[in-house]
Amino acid sequence: MSKALDGVRILDFTHVQSGPTCTQLLAWFGADVIKVERAGAGDITREQLRDIPDVDSLYFTMLNHNKRSVTIDTKNPEGKQVLEALIQKCDVLVENFAPGALDRMGFTWERIQELNPRMIVASVKGFGPGPYEDCKVYENVAQCAGGAASTTGFDDGPPVVTGAQIGDSGTGLHLALGIVTALFQRTQTGRGQRVLAAMQDGVLNLCRVKLRDQQRLERNGTMKEYPQYPNGTFGEAVPRAGNASGGGQPGWILKCKGWETDPNAYIYFITQAPVWAKICNVIGKEEWATHPDYATPAARLPHLKDIFAEIERWTMTKTKFEAMQILNKYDIPCGPILSMKEIAEEPSLRKTGTIVEVDHPTRGKYLTVGNPIKLSDSPTEVKRSPLLGEHTDEVMAELGYSPEQISALRTAGAI
Ligand code: CAO
C-alpha cells in the first residue's frame, strides 16, 4: 500500500529529541528520511542513558525509527560537497542545531536556495527572534519559558515540570505540521520556504488556556474553578491549580483502594454537570441532587473540596478499575491513573499499534510508542532505527558516487 508522503525526501539534520520526533513522524507517513550524523559519534543520544553497554540507547532507538543513517563530516570540504549533493536531491532539510550552527557550517538559507530553490528548511529553536534567540534550550527550559512550569504543581509548592515532553516532542509535532503545510504550498508556488517552530512558542500554544485564565484573572480578580477559590488568595498571575481540570467541569485526582502502597491507585474524577444526579446516587448522597448548595454547578463551586472529599470516601472503597467500571455505566467521566507498566502491558494499545514491539540487531526486542496518528490509507509500519552510518554507502551510491569514490571519501574522513 502506498504511503501519504511517498516520494518526499527529508535531509534529517536533527539530534536529541525535538527534531527527531518530527522526522520520525514524517518517516512513518512514508517520507524517505536520511539522517546525517558525525562518523564515530552520531546523535549524542545514541550513547545517553544506555541500559546495555555499547548498544544504541532506547532514547535513540525510540526516536529514530524508519530512518536511514549516513555519516558525513559537514566541516570537511569534501563532506560539504556530499551534503550539497543531498540538498539538491531532497525536498526538506530539518535541523535543530543551536542557533547559527547551520550558518557556521556554510549552509545559510541563501546558499541552500542557490543549491535548491524548492528546498524547505525547517528548524526547531529554543526561542523565536528576541532577547533569547541565541540561547541553547532543552525540554525543561522550554517548559519554564513557555508558561507550563509556573502553572503546574500545587499552590503551596514550587513550579513543576511535567513528564510529558511538550517542549521537545510537542515542538516536533508543530514542526511536522509546518513542513507538510509548506510542502502543500510548494505544489502551488514551486518554491521552498523556511519553517520555524520555537520551543517556547510550542509550549505556550499548549498552555493557551492559561493565557485565557490570566486575562480572566486580571478582569475579575478570581477564578471560581481554581482550588484557591473561595478561601485562598489570588495574586497577579495565574496560580498553580493542582489537579483541577481547568475546564468548565470540575475534576480532581482521588484515592482508590490500595493507595497506601500503590502510588498509582488513584482515579481522575470529573463532576460533569449533566450527570450530577447520578454521581449523587453512586456515592450515596442522593440529597445533594436537589439541595440548594449542591444542585447547580454555580452553587457547587464554593464546596468543591468537600464534594471531592465525599466522593473520595467512595472511591477509596474500590480499585481504580472497579470504580471505572461502575462510573462508566452511568456515563460519569473518569480515568484511572495508569502507570507506565500498566500502559506497556495494555493489550488494546498493542492491537492498535500505539505500543509496538520492535526487534533490533544489537539490542534485541524492545517496546516503543508507535504512530499516534492513524491514517486509513497510509498505515504505519514501525521499523527499527538505523545503526550509525548503516546506509552511507547506499545513499552515496544513489547520489552517483562510485565504490572507489566512496572509499576515498572515507579515507579522507569526509564520510
Ligand atoms: N559534521 C560536523 N559537525 C557537525 C555535524 C556533522 N555531521 N553535526 C553537527 N555538527 C556540529 C555543529 O555544526 C556544531 O558546531 P559549531 O558549534 O562549531 O557550530 C556542533 O556540532 C554542535 O551542535 P549544537 O550546538 O547544536 O549541539 P550542542 O550539543 O552543543 O547543543 C542543543 C545541543 C540541543 C542544546 C542545541 O542543539 C539547541 O539548542 N538546539 C535547538 C533547540 C533544540 O532543539 N533543543 C531540544 C534539544 S532536546 O530535543
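Predicted model: local features only at pLDDT ≥ 70, side-chain atom pairs only at ≥ 80, totals over all residues.

Biologist: Where is Asp168 found, and which UniProt annotation covers Asp168?

Modeller: Asp168 is in the loop between H6 and helix H7 (169-189). An unreviewed UniProt entry annotates Asp168 as "active site", and such annotations may be inferred rather than shown by experiment.

Biologist: Why is Asp168 called buried?

Modeller: Its relative accessible area is 7%. Buried means under 20%, so Asp168 with its 7% gets that label.

Biologist: What makes Lys136 exposed, then?

Modeller: Here the value is 67%, and exposed means over 50%, so Lys136 passes the cut-off. Lys136 sits in the loop between strand E5 (120-125) and helix H6 (139-145).

Biologist: And why is Ala98 called partly exposed?

Modeller: Ala98 has 26% relative accessible area. Ala98 is in the loop between strand E4 (92-95) and helix H4 (101-104).

Biologist: Which residues carry the UniProt feature "binding site"?

Modeller: The unreviewed entry lists several, including Gln17, Arg38, Ala98, Arg104, Lys136 and Glu139. The annotated positions span 123 residues in sequence, and the farthest two C-alpha atoms are 24.2 Å apart, so they do not all gather at one spot.

Biologist: What makes a positive surface patch out of Arg38, Lys75, Arg104 and Lys136?

Modeller: Lys and Arg count as positive, and those four residues form the patch. Patch members need over 30% relative accessible area and no salt bridge, with like charges joined within 9 Å. Lys136, at 67%, is over that area limit.

Biologist: Which residues form a nonpolar patch?

Modeller: Leu173, Ile373 and Leu375 do, with about 220 Å² of accessible area together. Leu375 has 33% relative accessibility, and the patch limit is over 30%, so Leu375 qualifies on area.

Biologist: How do you know that Glu394 forms a salt bridge with Arg68?

Modeller: The closest N and O atoms are 2.6 Å apart. The cut-off is within 4 Å, so the pair counts as a salt bridge. Glu394 lies in helix H16 and Arg68 in strand E3 (residues 67-71), so the pair ties together parts that are 326 residues apart in sequence. The two are also in a salt-bridge network with Asp32 and Glu398.

Biologist: Are Glu394 and Arg68 buried or partly exposed?

Modeller: Glu394 is partly exposed at 39%, whereas Arg68 is buried at 12%.

Biologist: What makes a salt bridge of Asp56 and Arg46?

Modeller: Their side chains come to 2.7 Å, N to O, and that meets the within 4 Å rule. Asp56 has a relative accessible area of 9% and Arg46 has 3%; buried means under 20%, so both partners are buried. The structure holds 22 salt bridges. Another of them joins Asp213 and Arg212 at 2.9 Å, with Asp213 buried at 1% and Arg212 partly exposed at 36%.

Definitions and conventions. Residues numbered from 1 in each chain as written. Heavy atoms only, no water. Patch = residues over 30% accessible without salt bridge, like charges linked within 9 Å, V, L, I, M, F, W, Y side chains within 5 Å. Areas by Shrake-Rupley, 256 points an atom, 1.4 Å probe, with all protein chains shown as cover. Charge placed at Lys NZ, Arg CZ, Asp CG, Glu CD. Helix = DSSP H or I, 4+ residues; strand = E, 2+ residues; numbered from the N terminus. Buried < 20%, exposed > 50% of the residue type's maximum accessible area, 1.4 Å probe, protein only.
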